[in-house]
Amino acid sequence: MLPAACDGPGMNCVEVFSTDFWQAFAPEAILIIGLLLLFIIPNLGNSKFRIPLTKTHVPWFFGGKRVKATGSPALPGMLATATLFTALGMMVIESIDGKMDTTTVVSGGIIIIKMDNFSRFFEILFLAAVLLASMASLDRIPAHTFHGKKSLEEMYDNRRQADFYILMLTTAIGMCIVALAQDLFVLFVGLELASLATYVLVGFHKETKSGAESGVKYFIVGSVASGVGLYGLSLLYLEFGTLQLTEIAANWVDSSILGTIALGLVLVGFGFKVSAAPFHFAAPDAYAGANSPVAGVLATASKAMGMIGLIRVLLIIALPESGAQESAIWLYALGTLSVITMTWGNVAALGSTNPKRMLAYSSVAHAGYMLAALTAVGAWKWGEVEAPSDYAEAIVAAVLFHLFVLVAFKLGAFLVLGLLEMEGGASRLSALSGLARRDPLIGTAMFIFMLALAGVPPLAGFVSKFLVVAGIVSNSVGELWVTTESVSFSDIHWVWWLALAMFINSAISVFYYLRIGVVMFLDVPEEGRRKPLPYGASIRMAIWICLVATVLLGLSGDTLIRMCYRAAESLNLA
Amino acid sequence: MLVGGLLIIVAGLMAFFPSLSDSNDSVDWISLPLVGFPILVSCILLAFASQETRARKQVIAGPIRLFTLCASLIPLGISTALFFDWLILVNWENLSYNQYELEKEYVWIETIGVSWHVGMDGLSFPMVWLTTFLVPITIITTWNEKDGATYHPLLLMMGGALIGVFVALDLFLFYVFWELTLIPMFFLILKWGGKDRRYAAQKFFIYTFCASVIMLLGLITLYFLQPEGSGPGYGTVTNRTFDMKELFANAAFYNEGDKVFLGKDMQNILFAMLMIGFLVKLPAVPFHTWLPDAHVQAPTGGSMLLAGVMLKMGAYGMLRIPIAIFPDAVIYYQDVIMAIGLISLVWGAIVCLGQTNLKKMVAYSSVSHMGVILLGIASMQPIGYAAALFMMFAHGIISPMLFAVCGAFKHHYHSMEIGAMRGMAKWSPYLAVYMMFAWMASLGLPLLAGFVAELMVMIAFWPEYGWWILLPGAVLAITAAYYLWSMQRTIFEGGDEGQPPESLHGETPPDITLSENIGMIILAIFTVIFGILPFIALGMMDDWTVAFFEGVFKAGGI
């Protein structure tokens with residue numbers, strides 16, 4: 001018995017674990033196979049299994065003295081990177097031309113996951129971020145084969161290579177599930193899978209004080225947020241008897257106050273993930289304690305994951321009834337929250353001298369920009385603005401574009417900090433001093449990342465900010481010129497002011513982004529940092545990929561913009 | 001790795017540039033030769049030089065400097081040839097409004113209607129020529145600047161970005177170049193500036209960036225308020241365009257006509273938002289505080305380009321975008337613009353009187369002169385607009401000379417104080433002569449370029465504002481006062497032997513170097529040429545102004 005969603009033309013419904021299923025989800029399957037291999041291969045050894053009550057020893061190959069070739073501490077990193085690369089490549093090839101089939105997976109009449117342009121877009125984003133991070137970690141957490149001298153740190157690093165990359169892959173898989181989920185329960189499972197893995201990744205350097213502290217902080221705050229979200233889900237189930245997105249959306253029209261409260265609680269869970277104020281307090285500590293590539297994943301992929309939740313809940317399941325008086329309150333709340341988030345993030349970033357905390361606060365500010373965009377879509381969705389649905393799609397596409405290019409320059413900035421961490425900490429601004437003199441290319445790359453974050457043309461950050469503001473403005477203006485004789489300023493919807501707030505904020509943000517540039521180009525390197533930077537081929541390669549993407553997506557982002565539009569279209573907002 | 005990265009970027013550029021959208025096969029004289037070439041060459045040189053060690057940089061500075069100079073002469077040659085019609089048939093003098101020569105359009109971001117659309121008319125061509133002219137002059141004048149391996153390429157990049165601003169016929173492209181000019185200037189101030197360069201560079205960047213984002217919001221709002229359309233240049237998704245030519249053609253819709261799209265208040269607000277970006281860049285008085293800081297800290301070459309061309313971006317932008325699209329709002333704000341112009345003029349001049357720092361005085365005199373441009377715009381007379389254009393041009397030649405003199409002063413006397421050097425005429429006769437010449441040109445001596453513009457503004461001012469003309473008239477007297485006074489103190493005072501500055505510790509004050517001499521004499525010659533024969537440039541500007549009034553104000557029913 002197939003649900004109604006399968007009836008439409010072009011819909012491709014498959015059962016779980018059928019042949020069609022594996023064909024459609026081959027990249028995800030590769031991720032899982034890679035994860036299993038990561039469990040198995042490093043543990044291959046010469047152990048034997050004695051059959052009970054006999055003296056026969058059967059070779060068991062699992063444990064014991066490890067085989068030298070497969071037991072190399074460098075192997076898990078390579079394996080994880082190769083897995084991610086293969087999966088990512090398959091996804092990109094499949095979806096770049098936009099002729100991808102929509103596949104819906106059903107089981108027992110319930111839509112579990114759906115693969116369309118939207119979810120594929122986010123999967124590509126997640127895998128790209130995790131791939132870059134794991135590539136960078138090959139040097140950042142180096143694996144050595146021992147030649148005589150053993151340092152404690154090296155031993156720690158070697159022992160935990162497999163753990164680290166297993167967690168990385170788990171994060172990737174969890175995020176992919178979030179992107180695919182069509183049922184709030186499945187979405188939550190994916191969210192928790194990814195979250196639990198990131199909690200451990202944040203506290204990965206448990207020997208250092210800040211590592212343990214940040215891990216625990218992030219875990220406690222995160223699990224409280226998840227708990228609240230889960231409570232919201234149970235209330236939703238109480239109200240509707242289902243957690244299917246489509247069914248909740250259909251039944252929402254006559255929802256009671258309970259449903260509204262429930263959805264508010266669910267939003268708390270996602271608000272933590274995108275680090276929107278007032279749920280952002282754990283983010284700076286977590287980023288500062290985690291090693292830089294992981295912090296980069298948190299700031300890009302994890303934020304995008306929360307954003308999926310917000311989009312699904314706010315835009316698919318619309319909050320207020322359209323045209324009702326109460327809707328305005330929700331809109332005002334969301335708008336205010338976005339302004340508070342972006343202002344708080346930027347003002348706090350002004351005062352922080354730790355570059356990682358600064359980037360964390362800037363990530364809070366970016367969350368505010370995206371919330372502002374969602375407010376504008378909300379204004380359309382909830383009937384305050386008269387416009388066809390492509391106006392809303394334009395904003396969603398802009399948000400997607402912004403999330404995607406963040407991977408290029410925000411992760412890139414974290415990777416540069418990661419390179420600095422290889423020769424000591426990167427938790428003070430002075431660690432960056434003289435970087436442009438020590439290594440002009442890396443210094444220039446960092447400066448370009450900063451300019452992109454600030455939104456200076458012609459970099460990708462400018463285009464993304466431009467698109468978001470253009471989306472908000474287009475929505476506030478709507479189709480006034482058709483309906484009104486002459487447009488006066490009071491005809492424009494108030495979300496226009498959010499665009500102004502966003503631009504004023506990005507002007508504030510220039511101050512602290514520029515400070516990094518000044519420190520890098522003007523100051524003298526601090527004591528102990530006079531030598532050239534550590535080499536690290538793969539982390540440098542990752543930085544270069546980010547740099548080229550930042551420049552190229554700014555100069556010719558048309559392909560990506562089209563991809564974003566297709567993704568936004570497949571949400572079927574109207 | 002470096003080469004690989006460059007190759008990838010170049011390949012990316014190639015991937016979208018050949019998407020030619022017009023059938024016109026004529027040679028593209030703007031995109032690559034005038035804009036792309038300087039920027040690409042300087043990027044390559046910078047990437048190359050940054051890889052070298054400090055000692056090697058000293059060695060390669062000479063060749064790079066020479067190479068940069070040669071590279072900067074190519075755009076100069078092309079723009080000069082374009083002026084004289086040597087290469088191709090361009091007709092600067094009979095263009096009607098919203099017609100451009102050497103126009104080229106390539107699709108850039110198709111989805112939202114952005115194209116690489118470039119072209120020149122009587123408004124932009126003089127500024128383009130001025131930029132191509134000033135870059136080699138600046139390189140020659142500051143030939144001996146330290147770290148030449150990166151300094152001179154940055155000047156070249158600055159030139160390319162500035163030309164980009166003037167030739168852009170697409171709002172998005174315009175904004176991209178508008179912001180791009182900040183980056184080389186930021187580095188020029190940061191790495192070669194004076195003692196407070198950290199503060200000055202950041203203030204410069206943040207101040208102008210803040211204003212620009214407000215302007216950008218205005219542009220975006222304007223973009224979405226235009227009627228939807230389709231065709232080349234229109235976004236495939238948004239159905240609107242950033243193409244200026246298209247916007248200007250539709251601009252009549254915004255005014256009284258068959259259908260009024262924008263209410264008067266909306267027009268006024270958008271006009272004000274756009275003007276904020278341009279007024280800060282100009283700079284007009286309440287927004288001028290970044291300029292003295294930036295100028296005092298900037299190296300000589302940076303100051304020359306900053307005062308010579310970058311300030312004109314503000315005036316150019318005003319004439320190009322807000323005034324052309326919202327003529328009604330110009331009428332509405334006419335008195336405000338006049339007031340801002342007068343205040344800039346008066347305030348700048350009075351502050352100059354109190355300055356002891358030579359470069360700061362010159363910087364404030366720039367503020368004062370930019371006020372004259374606003375007066376020309378506020379006069380709403382064709383002659384006032386032509387005067388504003390000529391003021392931009394004349395000030396673009398005179399002010400680099402002022403800053404070259406200041407730079408030489410600083411370079412040779414290690415001090416910027418007016419009182420530090422007395423009796424310069426004895427010790428440094430060349431510098432004394434150039435200083436006198438530049439000061440005279442700036443205070444508006446007849447037969448020099450500045451005079452023509454000031455006279456024309458006065459003529460335009462009279463019919464509109466009557467006896468208020470006494471105020472700018474008096475300011476011109478103040479201008480003469482501060483210039484003559486500072487000249488008297490530095491050049492002539494101090495008896496027979498003069499008073500060499502203390503910062504030299506008893507050494508003989510040197511005269512200027514050969515390269516400074518060459519740079520300044522060329523500027524002096526052109527100041528005289530455009531003072532005696534202003535019609536060389538003024539003819540084109542006049543025609544543009546007439547066409548502009550025809551196309552904007554008459555068509556708008558004003």
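User: Are Arg120(A) and Glu123(A) buried or exposed?

Analyst: In this predicted model, local features need pLDDT of at least 70 and side-chain atom pairs count only at pLDDT 80 or more, while totals for chains, interfaces and linings use all residues; side-chain values use heavy atoms, with hydrogens and water left out. Residues are numbered from 1 along each chain as its sequence is written, and chains are lettered from A and ligands numbered from 1 in the order in which they are written. Buried means under 20% relative accessible area, exposed over 50%, and partly exposed in between (1.4 Å probe, protein chains only). By that rule, Arg120(A) and Glu123(A) are both buried.

User: How far apart are the closest N and O atoms of Arg120(A) and Glu123(A)?

Analyst: Both residues belong to helix α4 (residues 117-140) of chain A, and because they are three residues apart there, about one helical turn separates them. Helices (H or I, at least four residues) and strands (E, at least two) are DSSP runs, numbered from the N terminus. The pair forms a salt bridge, meaning a side-chain nitrogen of Lys or Arg within 4 Å of a carboxyl oxygen of Asp or Glu. The N to O distance for Arg120(A) and Glu123(A) is 3.0 Å.

User: Nice. Which residues are linked with Arg120(A) and Glu123(A) in a network of salt bridges?

Analyst: The structure holds 19 salt bridges over all chains. The network that includes Arg120(A) and Glu123(A) also takes in Glu28(A) and Glu94(A).

User: How many residues apart in sequence are the parts tied together by Glu421(A) and Lys356(A)?

Analyst: Glu421(A) and Lys356(A) form a salt bridge with their closest N and O atoms 2.5 Å apart. Glu421(A) sits in helix α15 of chain A and Lys356(A) in helix α14 of chain A, so the pair joins separate parts of the sequence. Both residues are buried.

User: What is the relative accessibility of Glu213(A)?

Analyst: Glu213(A) has a salt bridge to Lys217(A) (3.0 Å, N to O), and the two lie four residues apart in helix α8 of chain A, about one turn. Lys217(A) is partly exposed at 32%. Glu213(A) is partly exposed too, with a relative accessibility of 41%.

User: Which helices cover the buried residues of α11(A)?

Analyst: Helix α11 (residues 282-289) of chain A has seven of its eight residues buried, so it is largely enclosed by the rest of the structure. Among those buried residues are Pro284(A), Asp285(A) and Tyr287(A). The covering elements include, from chain A, α7 (184-202), α8 (209-240), α10 (257-273), α12 (292-316), α14 (355-381) and α15 (389-421).

User: How many disulfides does the structure hold?

Analyst: A disulfide is counted when two cysteine sulfur atoms are within 2.5 Å. The sulfur of buried Cys176(A) is too far for a bond from the closest cysteine sulfur, that of Cys564(A), at 17 Å. Cys43(B) is in no disulfide either, with the nearest cysteine sulfur, in Cys70(B), 19 Å away. The number of disulfides over all chains is zero.

User: How much area is buried between chain A and chain B?

Analyst: Between the chains, 56 residues of chain A are in contact (heavy atoms within 4.5 Å) with 55 residues of chain B. Buried area is the accessible area (1.4 Å probe) that two parts lose on being put together, summed over both. Carbon and sulfur atoms give 77% of it here, and the total is about 5,200 Å².

User: Which element gives the largest share of the side of chain A that touches chain B?

Analyst: There are two salt bridges between the chains, one of them between Arg198(B) and Asp523(A) (2.3 Å, N to O). The elements giving two or more residues to this side are α17 (440-454), α18 (460-477), α20 (495-522), α21 (537-555) and α22 (558-569) of chain A. The largest share, 13 residues, comes from α20(A).
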